[in-house]
Amino acid sequence: MYSLRITEDVEVSEDVVQDSFVMIWNLLLEEKEIENLQAYLYQTVRNKSLTYLRNQNKYLDETYIPELVDEKDIDTSIRDAKIWKAIDSLPAKCREIFLLSKRDGLSNEEISEELGISVKTVKNQMTKAFSRLRESLDANNKPFFLPFL
């Protein structure tokens with residue numbers, strides 16, 4: 001999620017994260033000591049993401065480049081990843097309806113028309129989605145919200 005915020009490309013961010021893990025794995029195999037592995041990983045992902053953008057000849061000014069990784073960035077990325085993992089675990093039709101509603105901003109009636117199902121079915125699937133997401137994300141009785149949907 002951190003790389004995705006920088007590159008704005010899912011496939012690129014997945015490659016960046018994979019390359020970062022491989023690089024760190026190789027360092028650990030060489031018995032290099034990394035004091036704070038999590039911070040090092042985030043810094044590596046940041047640097048590789050920015051390198052990708054530079055190689056794509058995209059204009060980068062100081063306002064675009066994210067600040068150094070701090071705990072808030074890490075917490076936000078972890079939270080976002082948990083939310084998307086929970087959404088991905090929804091049954092296919094339920095997930096489709098949920099994303100059409102929350103990500104794409106369609107009304108129940110628009111979803112009903114697009115998928116050729118009743119409005120009642122849309123409402124039932126949304127109720128099911130929220131119930132399952134609440135179960136997945138409410139591990140410590142903390143309320144959850146979907147900040148980017």
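**Reading the helices and contacts**

Tutor: Read along the sequence, this chain follows the pattern α-α-α-α-α-α-α, and it has seven helices and zero strands. Helices (H or I, at least four residues) and strands (E, at least two) are DSSP runs, numbered from the N terminus. This is a predicted model, in which local features need pLDDT of at least 70 and side-chain atom pairs count only at pLDDT 80 or more, while totals for chains, interfaces and linings use all residues. Residues are numbered from 1 along each chain as its sequence is written, and side-chain values use heavy atoms, with hydrogens and water left out.

Student: How much of the chain counts as buried?

Tutor: Buried means under 20% relative accessible area, exposed means over 50%, and partly exposed lies in between (1.4 Å probe, protein chains only). Of the 149 residues of the chain, 30% count as buried.

Student: How is a pair of aromatic rings described?

Tutor: A pair of aromatic rings is described by the distance of the centres and the angle of the planes. Rings of Phe, Tyr and Trp (its six-membered ring) pair if their centres lie within 6.5 Å, and planes under 30 degrees apart count as stacked, over 60 as edge-to-face and the rest as tilted. By this rule the count comes to two aromatic pairs. In one of them, the ring centres of Tyr2 and Tyr42 are 5.5 Å apart and the planes stand at 65 degrees, so the pair is edge-to-face. Because Tyr2 lies in helix 1 (residues 2–7) and Tyr42 in helix 3 (residues 37–55), the pair ties together parts that are 40 residues apart in sequence. Both Tyr2 and Tyr42 are buried.

Student: Which parts are tied together by the pair of Phe98 and Phe130?

Tutor: Let us take the geometry before the parts. The rings of Phe98 and Phe130 have their centres 5.5 Å apart and their planes at 80 degrees, so this pair is edge-to-face. Phe98 lies in helix 5 (residues 92–102) and Phe130 in helix 7 (residues 119–137), so the pair ties together parts that are 32 residues apart in sequence. Phe98 counts as buried because its relative accessibility is 0%, whereas Phe130, at 26%, counts as partly exposed.

Student: How many salt bridges are there?

Tutor: A salt bridge is a side-chain nitrogen of Lys or Arg within 4 Å of a carboxyl oxygen of Asp or Glu, and by this rule the count comes to two. Glu96 forms a salt bridge with Lys93, with the closest N and O atoms 3.5 Å apart. Since Glu96 and Lys93 are three residues apart in helix 5, they are separated by about one helical turn. Glu96 is partly exposed, with a relative accessible area of 34%, and Lys93 also counts as partly exposed, at 42% relative accessibility. The side chains of Arg103 and Asp104 meet in a salt bridge as well, at 2.9 Å from N to O. Arg103 counts as partly exposed at 47% relative accessibility, and Asp104 is partly exposed with a relative accessible area of 39%.
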